[in-house]
2 protein chains.
Amino acid sequence: MSGTTGELFIVASPSGGGKTTIIRRVMAAMAELGWPSFFSISHTTRAPREGERHGVDYYFVDRPAFREMIETGEFLEWAEYVGNFYGTSRAAVEAQRAAGHDVFLDIEVQGARQVRERVPDAVGVFILPPSLEVLRERLVTRGKDAPATIERRIRIATMEMAEYHRFDYVIINDRLDEAVQALGAIVHAARLRTRRREPLAQRILESFQSALVEA
Amino acid sequence: MSGTTGELFIVASPSGGGKTTIIRRVMAAMAELGWPSFFSISHTTRAPREGERHGVDYYFVDRPAFREMIETGEFLEWAEYVGNFYGTSRAAVEAQRAAGHDVFLDIEVQGARQVRERVPDAVGVFILPPSLEVLRERLVTRGKDAPATIERRIRIATMEMAEYHRFDYVIINDRLDEAVQALGAIVHAARLRTRRREPLAQRILESFQSALVEA
């Protein structure tokens, strides 16, 4: 409808930061407003967790296939994390943006840096846990990791958090509703940027100008 | 609390564009969230309209006083519009921003350009009427101008609207509620910028780092 390119939102946080939940809720609110958006699905070499489906949660591929995608330049970013590979295919992201849809990338911090370098107009959002106690509690409650893995995740999280200043926006995920509203505001504002509004603004301006000429 | 400078929002639109109503409603919503904001009050040489008060709606000054303020560099912007002078005093805006308050400038388009030059980090928002018919109807309904003045305002509006592309954001004021939400999103997003969040983000990061050192 607008004729303009959709935005790419890079949403990064340490593991357990809650970014997936926040993105999904913002996308649901956008759908109600008739704003099309797309959640970028990553490729990964890690084993599917209980209930995860290929092509919905991830594209699950083996290591040789992943390496071949790296070599052919198919990834917008890729990273190794806790012994597994994760990557974002460039083609799907670009097709969605070209169709005017906003795209959300839900990625780890090291991958986010690569995307920022390759897509300079992307909007970077860093989600911070409010405190170490809260992050540890979330990782424990999630029940997916052994205690030693949780402590390792916390050490990695601390290193990753130092990267927040490279992002455009920072959201503290203290209360989920507020974090959802925050990301929603960033998305809404991005849709009001002059570049994005230009086709409509130009149409309105031209209708004024034509009326003046006729008068 | 934050220790960071507040934002300056330059909200411009053609006369009758509805910007004052939109700003006031956004400020009321911000007040409920505990976000301090300040509506910049202009100086003007025009006569007060029915119900307007000095120091609330405008600072009403005579022409010699206005000229002296120009000469002493007290204005962030000033402009002549339909035979009257309007200007924004720099001191009040700077004091509010320094206190961490977001400041709203409700100004004409020519003034907005001067402020953008003098305050490069200001956020520029242009409010467009959805159509000429709607703008004319609003000016007529407002009942403040004679028909000839309304037609003159529409001609000026058309010239001013061509400036929209110099602003960061464009809001089409079709439905008031949506325009209020739009400006609200721009303000909310601005408050989430990394620069603004840095003191809090840094505190959280340091608490993680201290815990790691102790462990």
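Visitor: Across which strands of chain B does helix H3 lie, and at about what angle does helix H3 run to E7(B)?
Guide: In this predicted model, helix H3 of chain B takes in residues 90-98. Helix H3 lies across strand E1 (8-12), E2 and E7 of chain B, and its direction relative to E7(B) is about 150°.

Visitor: In what order do the five strands of the open sheet in chain B stand?
Guide: The pairing in this sheet is parallel, and the twist from one strand to the next averages 20°. Read across the open sheet, the order is E2-E7-E1-E8-E9.

Visitor: Which strands of chain B stand at the edges, and why is one side of each left without a neighbour in the sheet?
Guide: A strand at the edge has a single partner strand, so one side of it is left without a neighbour in the sheet. In chain B, that is the position of strand E2 (37-39) and strand E9 (169-172).

Visitor: What is the bridge partner of B:Phe38 in E7(B)?
Guide: E2(B) and strand E7 of chain B, residues 102-107, run parallel and are joined by three bridges. Within E7(B), the residue that partners B:Phe38 is B:Val103.

Visitor: Which helix of chain B lies across E1, E7, strand E8 (123-128) and E9?
Guide: The helix in question covers residues 176-191 and runs at about 170° to E8(B). The helix that lies across these strands is H7 of chain B.

Visitor: Which residues is B:Val125 in contact with, leaving aside its neighbours within four places in sequence?
Guide: B:Val125 is among the residues that touch the most other members of the largest nonpolar core, a group that also includes B:Ile10 and B:Ile186. Once the neighbours within four places in sequence are left aside, the contacts of B:Val125 are B:Phe9, B:Ile10, B:Val11, B:Phe167, B:Asp168, B:Tyr169, B:Ile171, B:Leu183 and B:Ile186.

Visitor: What rotation superposes chain A on chain B?
Guide: The superposition has an RMSD of 0.0 Å and a shift along the axis of 0.0 Å. That is the relation of a two-fold axis, and the rotation is 180°.

Visitor: Which residue of chain A comes closest to the rotation axis?
Guide: The copies meet through the same surface, because 100% of the interface residues of chain A are also interface residues in chain B. As for the axis itself, the C-alpha that comes closest among the residues of chain A is at 2.2 Å, and it belongs to A:Ala185.

Definitions and conventions
Residues are numbered from 1 along each chain as its sequence is written. Chains are lettered from A and ligands numbered from 1 in the order in which they are written. This is a predicted model: local features need pLDDT of at least 70, side-chain atom pairs count only at pLDDT 80 or more; totals for chains, interfaces and linings use all residues. A nonpolar core is a set of buried Ala, Val, Leu, Ile, Met, Phe, Trp, Tyr and Cys residues joined through C-beta atoms within 7 Å. A residue is buried if 20 or more other C-beta atoms lie within 10 Å of its own, exposed if 12 or fewer, and partly exposed in between; C-beta atoms are placed from the backbone. Two residues are in contact if their C-beta atoms, placed from the backbone, lie within 7 Å. Copies are superposed by least squares on the C-alpha atoms of residues with pLDDT of at least 70 in both. Two strands pair if DSSP finds at least two bridges between them. Helices (H or I, at least four residues) and strands (E, at least two) are DSSP runs, numbered from the N terminus. Axes are lines fitted to C-alpha atoms, for helices over the stretch in contact, and angles run from 0 to 180 degrees between N-to-C directions.
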